[in-house]
Amino acid sequence: MSRTKKSSTAQTKAKLSDADKKLIKEHHKHTARHTLKLELELTEDEKRHAFHMANNARILSNDLTGWISKRLKDLFRTKAYRTHLAMYKEVVERKAATEEEQKQQDQDREAVSQLLAEDQKKWRVTFDDLRGYTQSRYQNLKLNAQIALTVAEDVWSGVEKVLYSDGKQLHFKQRGDLPVLRGKQADRAILLKLTEKDGKPRLTVSMKGVCTNANLLIKKNDIFAHRELYRIRSFMQHPENEIFYARKWKETQITQDTFRPCYVSIKCEQIRGKLRVFAIITIEGKPVNKIRKDGSARHSNGKGVVGMDLGTQSAAAYSAGKEVLFINLGERNQNYYQKKEKHIASLQRKLDRQRRAGNPEHYNEDGTIKRGVPKRRHGLRPHAAMKMGESNSIKDSVHKIYPLQLICKRS
């Protein structure tokens, strides 16, 4: 049997000692993170595969949410759990005057927390139970195991808000509310590869069932994105330098910006009726400074003291020796938005005409909509005629109205 080749990063880590690996992990815990969002160059077929996989992740999320919600209701219904919850609240709100009372309070809190954990384990409200249920469900949807695990983690974060914070109930994802496909590991599920084209190194994204070596779309004048990708390529070409960054952090206690790609996420969005797929790269370290074409800093720091007054619609700024500056933050261009609102009204009238022409059995002779179940169409079952049909032209009109409504709503 043929064996797959290990990546250069995996080969480098295999050569390190256990102490160096532990030091690198400690450095990972203390360093900052930032993300870079870029669009992927995909065909229409690949985009639809990505949207289909994201929708399967949404279905899995709703399946897990429904499964764990039933167990949460059963848990909150038990008298023992409500009693232990009241005990925990009483212990937390207790005020300790001395150190001995504080120690006793900590011991009581741990004892009550253990009772709550036993109740949760009894009613199968633990992450291990949720992960076990995920393993039995994700294969039917043809999802990657890493992506399914991240979906379970997102659902469990909502469960923790209900159990330990101010959350009241879990919420399901509606159709069209597609989650982010995340692998949490750079060498599994969604891969960020360093390849060559015409003798020049480039970064590509690969995902099983969606795309292979998809290019990242970058604008020529996007200096920030070019500098970020250059740093990422430099790290991937020389991954052995990571141990030197970790040792320098140990000596100076100053975190180093390694620009190591932690993992890649896929975000599917429908913008103005077009399918677009974005790659979100999570990078270790702080982002590079933004500069202009001439090399000067875009956000440079000045000298002196400035007084500012920020309001809901306007802001005022004053500096010694200069005039007061007034800025209107939320000025509304009446002519612009009036045109948009007229366009929305025109499209809505068109949509109403299309629905009336395509569904005549849903309307009375005087134009009012029929109440109750409409008559059965020829060749359709009774339940099929209850829902108003939507043709492709109706869907196009809906897609044209939605972005215009967002513009007017944000104003």
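**Note on a predicted model: sheets, pocket and contacts**

1. Strands β3 and β4 (residues 200-207) run antiparallel and pair over 8 bridges. Strands pair here if DSSP finds at least two bridges between them. Helices (H or I, at least four residues) and strands (E, at least two) are DSSP runs, numbered from the N terminus. Within this pair, Leu 194 has Leu 203 of β4 as its bridge partner. The hairpin of β3 and β4 has 2 residues between the strands, and Asp 198 there takes a positive phi near 60 degrees.

2. A word on the basis. The model is predicted, so to read it: local features need pLDDT of at least 70, side-chain atom pairs count only at pLDDT 80 or more, and totals for chains, interfaces and linings use all residues. Residues are numbered from 1 along each chain as its sequence is written, and side-chain values use heavy atoms, with hydrogens and water left out.

3. Strand β5 (residues 211-217) pairs with β4 in the antiparallel sense, over 3 bridges. Val 205 stands opposite Ala 214 of β5. Between these strands lie 3 residues, and Gly 209 in this hairpin has a positive phi near 90 degrees.

4. Strands of a sheet pair through backbone hydrogen bonds, either parallel or antiparallel.

5. Further along the order, β6 pairs with strand β7 (residues 274-284). The pairing is antiparallel and has 10 bridges. Val 264 finds its bridge partner in Ile 281 of β7.

6. Strand β8 (residues 306-310) and strand β9 (residues 314-319) pair antiparallel over 5 bridges. They form a hairpin with 3 residues between them. Met 308 has Ala 317 of β9 as bridge partner. β9 also pairs antiparallel with strand β10 (residues 325-328), over 4 bridges. The hairpin of β9 and β10 has 5 residues between the strands, and Gly 321 in the turn has a positive phi of about 85 degrees.

7. Which residues make a nonpolar surface patch of about 350 Å²? They are Val 306, Met 308 and Leu 310. Val 306 lies in strand β8. Patches are made of residues with over 30% relative accessible area and no salt bridge; like charges are joined within 9 Å, and nonpolar side chains (Val, Leu, Ile, Met, Phe, Trp, Tyr) within 5 Å. Accessible areas come from the Shrake-Rupley method with a 1.4 Å probe; for residues, only the protein chains shown count as cover.

8. The largest pocket holds about 1,400 Å³ of space. Among its 30 lining residues, Gln 270, Ile 271, Gly 273, His 399 and Tyr 402 are the closest to its centre. The elements giving two or more residues to the lining are α3 (44-77), β6 (261-271) and α11 (392-410). The largest share, 10 residues, comes from α11. On a 1 Å grid over the protein atoms alone, a pocket is an open set of points where a 1.4 Å probe fits, with protein on both sides within 12 Å along at least five of seven lines; lining residues have an atom within 4 Å of a point. Grid points are joined across faces, edges and corners, and a volume is the space filled by probe spheres set on the points.

9. Finally, the salt bridges (a side-chain nitrogen of Lys or Arg within 4 Å of a carboxyl oxygen of Asp or Glu). The count comes to 16. One of them joins Asp 74 and Arg 77, with the closest N and O atoms 2.8 Å apart. Asp 74 and Arg 77 are separated by about one helical turn, because they are 3 residues apart in helix α3.
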